[in-house]
Amino acid sequence: MSSPESEFSWSVSAPFMESVDSAWISDFVASDRYRFSKVAHGGGDVDWHQKKSQVTGVAEWRAFAATASSLIDTAVAQQGGAITVFPQLATTVASFKRVRRADVPLVAWFFNTTFGSAPRSMLARPALRAVDRFVVHSTNEIAAYAKHLRLPEEVFSFGHVQYGGAVQADDEATDDPFVFATGSGFRDYRTLFDAVEKLGIKTKIVAGPRILAGLTPPSNVEILEGVDRQKIHQLVRQATVNVLPMNNDGLTAGLITMAEAFRHGRSLVVSDRQGIDDYVEHDTNALLVPVGDADAMAESIKALLDDAGLRERLNKGAFECGELRHTDTAAACRLVEVLDSVLDGRNA
């Protein structure tokens, strides 16, 4: 391993890194202590919201195994460390690290997961002991993951989700106002449908078929299909009100939607569920409503529809939060802090 004074190499891979030129927050690191290389993932980028099943299939695990092998080989050859994004790849790389007895530091970024079945958890626990640091994106995940994986809380670090795309300038569609909602993770579109039906306001939804299964949208709701990410962000900017309807399942939900909305200077009407306190501040960047309360959701949506001054104030608060916490630069600074902590701990 390199000496503490020399430039340390980190190999990075993620399911969305289809080539070594794929962008990630390491591109924004301003530190002479580190250099980064990327290992392409051969499984193709996965659209998690459009998947018919939440379970990772055999073909996907094979792709993760191939990527993990390359990532460990690269880290060992460079006498450096490895960084993974998303839990499936972290688990696979950790397994390879243990089997090959590779003494490389391993950082699991964006470790956001459900606990799954008992057998899967029992298989994951031994492997994940090889991870030097897990980075989670809500503080309530730390104690829960530590308890479930039987690991000390000290191996978990918190960092806000970032939005890494361009921010365009689109005005609200004031001549044709509408409500917009997107996302599939732990969403509660039934409550949103009830809320907007009461108001009769035009509403547009982009979500996967799995989360909408069994629901019948009211006549004023349009379900949009085949919408790419750039168009989603345009809808976020043009909507008069953005809503994030969620249930209380899972440890956290909606964080990517929050980060993207805030970076685009748009506030939210948000279900007040667990795991969002690090992001949402009532009456600063959002209006919080009780989970499953369609009347309260309708009331908050109407308040924003009727009061341009309130929308402007909350949108300003959302923009300021986005600039402070959710940029690539902010995430890169947090990445450096985490990597410093990992190496300093190993060199102590």
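Mentor: Let us settle one term before anything else: a residue is buried when its relative accessible area is under 20%, exposed when over 50%, and partly exposed in between, with a 1.4 Å probe and protein chains only. This is a predicted model, in which local features need pLDDT of at least 70 and side-chain atom pairs count only at pLDDT 80 or more, while totals for chains, interfaces and linings use all residues. Residues are numbered from 1 along each chain as its sequence is written, and side-chain values use heavy atoms, with hydrogens and water left out.

Trainee: What pLDDT does the chain average, and over which residues does pLDDT stay under 50?

Mentor: pLDDT is the predictor's confidence in each residue, on a scale from 0 to 100, and where it is low the predicted coordinates should not be read in detail. Here the chain averages 92, and 92% of the residues score at least 70. The stretch to treat with caution is residues 48-53, where pLDDT stays under 50 and the model has 17 contacts beyond four places in sequence, a contact being heavy atoms within 4.5 Å.

Trainee: Which residues of strand β4 are buried on each side?

Mentor: Helices (H or I, at least four residues) and strands (E, at least two) are DSSP runs, numbered from the N terminus. In a regular strand the side chains alternate between the two faces of the sheet. In β4 (residues 106-109) both faces are covered, with Leu106 and Ala108 buried on one side and Val107 and Trp109 buried on the other.

Trainee: In what sense do β3 and β4 pair, and over how many bridges?

Mentor: Two strands pair if DSSP finds at least two bridges between them. β3 and β4 pair in the parallel sense over four bridges, and Val85 stands opposite Trp109 of β4. β4 also runs parallel to β5 (residues 133-136), to which two bridges join it, and there the bridge partner of Ala108 is Phe134. Moreover, β3, α2 and β4 make a right-handed β-α-β unit, where right-handed says that, with the strands pointing away from the viewer, the path from the first strand over the helix to the second runs clockwise.

Trainee: How many aromatic pairs does a search of the whole structure find?

Mentor: A pair of aromatic rings is described by the distance of the centres and the angle of the planes. Rings of Phe, Tyr and Trp (its six-membered ring) pair if their centres lie within 6.5 Å, and planes under 30 degrees apart count as stacked, over 60 as edge-to-face and the rest as tilted. The search finds twelve such pairs. Phe16 and Phe86 form an edge-to-face pair, at 6.1 Å centre to centre with 75 degrees between the planes. This pair links distant parts of the chain, 70 residues apart, with Phe16 in the loop between β1 (8-13) and β2 (34-38) and Phe86 in the loop between β3 (81-85) and α2 (87-100). Phe16 is partly exposed because its relative accessibility is 27%, whereas Phe86, at 18%, counts as buried. In Tyr145 and Phe156 the centres are 6.4 Å apart and the planes at 45 degrees, so that pair is tilted. Tyr145 belongs to helix α4 (residues 140-149) and Phe156 to strand β6 (residues 156-158), eleven residues apart, and both are buried. Elsewhere, ring pairs link Phe8, Trp10, Tyr34 and Phe36 into a cluster.

Trainee: Which residues other than glycine have a positive phi?

Mentor: Most residues other than glycine have a negative phi, and most peptide bonds are trans. Gln79 has a positive phi, near 50 degrees, and lies in the loop between α1 (58-77) and β3; at 49% relative accessibility it is partly exposed. Phe110, with phi near 55 degrees, sits in the loop between β4 and α3 (118-128) and is buried, its relative accessible area being 17%.

Trainee: Against which elements do the buried residues of α7 and α8 pack?

Mentor: In α7 (residues 229-238) the buried residues are Ile232, His233, Leu235, Val236 and Arg237, and they pack against β7 (179-182), β8 (203-206), β10 (241-244) and α8 (255-263). Helix α8 is mostly covered, with eight of its nine residues buried, and these pack against β7, α7, β10, β11 (268-271) and α10 (308-325). Gly265, which follows α8, has a positive phi near 70 degrees.
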